Amino acid sequence: MRPLQVKYYNWSGSHGPRSLRKEHSLRKLTYFIACSIDGFIGDPEGDASSMLAFVDEEFFGFLKAEYPETLPTHGRRPLGLDDLPNKRFDTIVQGRASYDIALKEGVTSPYAHLRQYVASRTLTESPDPDVEIIAEDLVDRVRALKAEDGELGVYLCGGSRLAGELLGEIDELVIKTYPQVYGSGMPMFGAGFSVTDFALESVRVFTNGVLVRTYARKR
Ligand SMILES: NC(=O)c1ccc[n+]([C@@H]2O[C@H](COP(=O)([O-])OP(=O)(O)OC[C@H]3O[C@@H](n4cnc5c(N)ncnc54)[C@H](OP(=O)(O)O)[C@@H]3O)[C@@H](O)[C@H]2O)c1
């Protein structure tokens, strides 16, 4: 059965020069995130492994075709997907706790196909020459990344606390909702209560019940 496609839009591009933009619009910061029906990105410690059961052939085909750069390098390599070109993003920003998951597996450069930034005040030295640590002025640093020239955007990987700190800079949400209720867990945003409006741009429905919703920030 083909996925019911309520509405879907595409954009693509290629790497561009890295000069700062003068008159062009800013590059997007996109929070691309997996969550439960009730909005948790993982259990209280952030573990979302129960969602992996839904990454079947159809859904993995979608990820490969539309968001190949969100698959970590060490996951792509064994599947022979090393050469997939980036479609949406050329840069990733993640929090230190999310990066720790790769570090614990001995992987110091989990997204080698992207420019990698890790926010941390405790990692005094980067474990890898391809990973830059952002210790100070997080919002300004992300604004500078968005102001760079280039067709592709910035992938905000998470986790919860980093997304909470960067909520004001997020231009787009791509929410993969898995058909599971967690009851409690790690919220999509580790932030205080405040209302931010987004406009629904597309919903993609997969046979196994996964939804991928894309929202644009209302400014
Ligand atoms: N479901 C999904 O799609 C998904 C995606 C990504 C992650 N996750 C889960 O999210 C969990 C981690 O989330 P989390 O909220 O605990 O942590 P996180 O957001 O990944 O990282 C938090 C850390 O980022 C650093 N940080 C945050 N704000 C900063 C700032 N303004 N300046 C400098 N550094 C800053 C701090 O590092 P220091 O403590 O080093 O200073 C902070 O402890 C993981 O378990 C992961 O599995 C789920």
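## The core and what surrounds it

The largest nonpolar core has 43 residues, and those with the most contacts inside it are Ile 41, Ile 92, Val 93, Tyr 155 and Leu 156. Strand E2 gives the largest share of this core, 6 residues. Keep in mind that you are looking at a predicted model. In general, nonpolar side chains of soluble globular proteins tend to be buried together.

Now step back to the whole chain. It contains 5 helices and 11 strands, and of its 219 residues 33% count as buried. Among contacts with a separation of 6 or more, 74% are between residues 24 or more positions apart.

Let us visit Val 154, which lies in strand E7.

| Residue | Contacts |
|---|---|
| Val 154 | Arg 27, Lys 28, Leu 29, Thr 30, Phe 89, Thr 91, Val 93, Leu 145, Lys 146 |
| Tyr 155 | Thr 30, Phe 32, Glu 69, Thr 70, Phe 89, Thr 91, Ile 92, Leu 114 |

### A helix with a buried face

Helix H3 has Ser 98, Tyr 99 and Ala 102 as buried residues. Seen down the axis of H3, its buried residues fall within an arc of 95 degrees, so they line one face of the helix. The general rule behind such patterns is that an α-helix has 3.6 residues a turn, so residues three or four places apart point the same way. What do the buried residues of H3 pack against? Their partners are strand E4 (89-95), strand E5 (115-119) and E7. After H3 comes Gly 106, with a positive phi near 85 degrees.

### Around the ligand

Finally, look at the ligand. It is surrounded by 29 residues, and the closest are Gly 46, Gly 95, Ala 97, Gly 158 and Gly 159. This shell divides into 14 nonpolar, 10 polar and 5 charged residues. At least two residues of the shell come from each of strand E2 (29-35), strand E3 (40-42), helix H3 (96-104), strand E7 (153-158) and helix H5 (160-166).

Definitions and conventions:
Residues are numbered from 1 along each chain as its sequence is written. This is a predicted model: local features need pLDDT of at least 70, side-chain atom pairs count only at pLDDT 80 or more; totals for chains, interfaces and linings use all residues. A residue is near a molecule or strand if its C-beta atom, placed from the backbone, lies within 6 Å of it. Helices (H or I, at least four residues) and strands (E, at least two) are DSSP runs, numbered from the N terminus. Ala, Val, Leu, Ile, Met, Phe, Trp, Tyr, Cys and Pro count as nonpolar, Asp, Glu, Lys and Arg as charged, and the others, Gly among them, as polar. A residue is buried if 20 or more other C-beta atoms lie within 10 Å of its own, exposed if 12 or fewer, and partly exposed in between; C-beta atoms are placed from the backbone. Two residues are in contact if their C-beta atoms, placed from the backbone, lie within 7 Å. A nonpolar core is a set of buried Ala, Val, Leu, Ile, Met, Phe, Trp, Tyr and Cys residues joined through C-beta atoms within 7 Å. The arc is that of the directions from the helix axis to the C-beta atoms.
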